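Good morning, and thank you for coming.

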Amino acid sequence: MNKKILGLVVAAVLLFAFAPVTQAALVDVMVGDLDGYGFGAPANGDIGTWPVYTNYDGRSAAEAAATNGAQITDVYSALFPSYGPNPSHEAYVYLPFSGSLTSATLQIAMADFQGYPFTARVNGVDLPFVFNDGFEIAVTRQFILTSAMIDAANLVGQVELYMARPDSTSGDFIAFDYFQIKGESNAVPEPGTLMLLGSGLFGLVGFGRKRLRK
Ligand SMILES: [Ca+2]
Ligand SMILES: [Ca+2]
């Protein structure tokens, strides 16, 4: 067996071995919880009168202590220091996933947006974020992630949403119920499987070399 043929055999084995390893898996990750902004109001439509108009805090203890973005759900106003419990006009939401994302939709239950342009990015890629829903109206929106967003998310293993209310031009009080990504990923092969494949390949190469010497 010459080296060319040996190379072809190894390439064929590699193709055969790795092709069936990647498997599609469903991704479904939520930050916050689907409880209607913390006081049981419906997630869509007219949410009625807020219990209080500023500094409303309907978070669970875990949400209040969270750093993944759950801390800005179930509060009013969400991104307005001194008018809401959060100390910043900007926030990150982190939605980790396993494997490599192939498609995803970001869903946000949001309330009381009144037409001011917010800054928003998904993994550094701009996301248009201006909605004129009206006072006390809640809307659940879906954003299909672009391939640029998905590629950037795969580098860090999570979808990262950044949002900022522009202090100088917006006096908008807003609220969020939850953030969620749904999609598909290619599962990463487990280390044990890779080791098995690797030792098999080394064995084959060794066999080929023995035959070359003959
Ligand atoms: Ca508002
Ligand atoms: Ca909630």
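This is a predicted model: local features need pLDDT of at least 70, side-chain atom pairs count only at pLDDT 80 or more; totals for chains, interfaces and linings use all residues.

I begin with one pair of residues: Ala120 stands opposite Met163 in E10. Residues are numbered from 1 along each chain as its sequence is written, while chains are lettered from A and ligands numbered from 1 in the order in which they are written.

Now the overall content. The chain has 5 helices and 11 strands; helices (H or I, at least four residues) and strands (E, at least two) are DSSP runs, numbered from the N terminus. Of the 214 residues in the chain, 28% are buried. A residue is called buried if 20 or more other C-beta atoms lie within 10 Å of its own, exposed if 12 or fewer, and partly exposed in between, with C-beta atoms placed from the backbone. Among contacts in the chain with a separation of 6 or more, 74% involve residues 24 or more positions apart. Two residues are in contact if their C-beta atoms, placed from the backbone, lie within 7 Å.

In what order do the 4 strands of its open sheet lie? The order is E5-E10-E7-E8, and the pairing is antiparallel. Two strands are said to pair if DSSP finds at least two bridges between them. E5 and strand E8 (125-126) stand at the edges with a single partner strand each, so one side of each has no neighbour in the sheet.

Strand E5 (residues 90-96) pairs with E10 in the antiparallel sense over 7 bridges, and Val93 has Leu161 as its bridge partner in E10. Strand E7 (residues 119-122) is joined to E10 by 4 bridges, again antiparallel. Within E10, Leu161 also stands opposite Val122.

In a regular strand the side chains alternate between the two faces of the sheet. Strand E10 (residues 158-164) has a covered face made of Val159, Leu161 and Met163. Its uncovered face has Gln158, Glu160, Tyr162 and Ala164. Helix H4 (residues 147-156) lies across E7, E8 and E10, and runs at about 115° to E10. For that angle, axes are lines fitted to C-alpha atoms, for helices over the stretch in contact, and angles run from 0 to 180 degrees between N-to-C directions.

One residue in the loop between E7 and E8 deserves a remark, namely Asn123. Its phi is positive, about 50°, although Asn123 is not a glycine. Asn123 counts as buried because it has 20 C-beta neighbours inside 10 Å.

I turn to another open sheet, of 5 strands in the order E1-E11-E6-E9-E2, with antiparallel pairing. Its edge strands are strand E1 (24-32) and strand E2 (45-46), each of which pairs on one side only. Strand E6 (residues 100-111) is joined to strand E11 (residues 175-186) by 11 bridges, and the two run antiparallel. E6 also pairs with strand E9 (residues 137-144), in the antiparallel sense, over 7 bridges.

Which residues are the bridge partners of Thr105? In E11 the partner is Lys182, and in E9 the partner is Ile144. Elsewhere, Met110 stands opposite Phe176 in E11.

Thr73 is found between helix H3 (61-65) and strand E4 (75-76). Not counting residues up to four places away in sequence, Thr73 touches Gly32, Arg59, Glu63, Phe176, Asp177 and Tyr178. Is Thr73 buried or exposed? Thr73 counts as buried, because 27 C-beta neighbours lie inside 10 Å. The C-alpha atoms of Thr73 and Ser60, 13 residues apart along the chain, are separated by 9.9 Å.

Asp74 is found in the loop between H3 and E4 as well. Its phi is near 60°, a positive value in a residue other than glycine. Asp74 is buried, because 26 other C-beta atoms lie within 10 Å.

Finally, a cis peptide bond joins Tyr76 and Ser77, with omega about 0°. Ser77 is in the loop between E4 and E5. Thank you for your attention.
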